[in-house]
Amino acid sequence: MTNEDKIFYNAEDLMNMLQISKGHSYKIIKAMNESLQEQGYLVIAGKVPIAYFNEKWYGGTTQKGVM
């Protein structure tokens, strides 16, 4: 699977993109997944949808060269 085929980020992806610890990456993913669950979405532990992450982190824009 190539990066273009991915629909989820995991903690390692966030760690590399944001230059933060893996533990902090998991905290961000957990908070985003809790928000999604409150909205009625199903989530996968340890992963966050790329589209949702981009919306919340970058204001909905896509970042060239990011994963």
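Predicted model: local features only at pLDDT ≥ 70, side-chain atom pairs only at ≥ 80, totals over all residues.
Entry on helix 2. I began with helix 2, which runs over residues 22–38 and has 17 residues. I looked up its reach from first C-alpha to last and found 24 Å, close to the 24 Å expected at 1.5 Å a residue. I then asked which residues of helix 2 are buried, and found S25, I28, I29, M32, N33 and L36. Seen down the axis of helix 2, these buried residues fall within an arc of 130°, so they line one face of the helix. On the other side of helix 2, I noted K27, K30 and E38 as exposed. When I looked for what covers the buried residues, I found that the cover includes strand 1 (8–10), helix 1, strand 2 (47–49) and helix 3 (50–58). Just after helix 2, I noted that G40 takes a positive phi of about 95°.

Entry on the core. The largest nonpolar core has 13 residues, and I listed those that touch the most other members: Y9, L14, M17, L18, M32, V48 and F53. Helix 1, helix 2 and helix 3 are the elements that give two or more residues to this core.

Entry on D13. I located D13 in helix 1, which covers residues 11–18. Its relative accessibility is 8%, and because buried means under 20%, I count D13 as buried. I also looked up the partner of its side chain, and found that a polar contact of 2.5 Å joins the side chains of D13 and K6.

Methods:
Residues numbered from 1 in each chain as written. Heavy atoms only, no water. Helix = DSSP H or I, 4+ residues; strand = E, 2+ residues; numbered from the N terminus. Buried < 20%, exposed > 50% of the residue type's maximum accessible area, 1.4 Å probe, protein only. Polar contact = N/O pair within 3.5 Å; in protein donor to acceptor, adjacent residues only side chain to side chain. Expected span 1.5 Å × (residues − 1). Arc of directions from axis to C-beta. Contact = heavy atoms within 4.5 Å. Core = buried A, V, L, I, M, F, W, Y, C linked by side-chain atoms within 4.5 Å.
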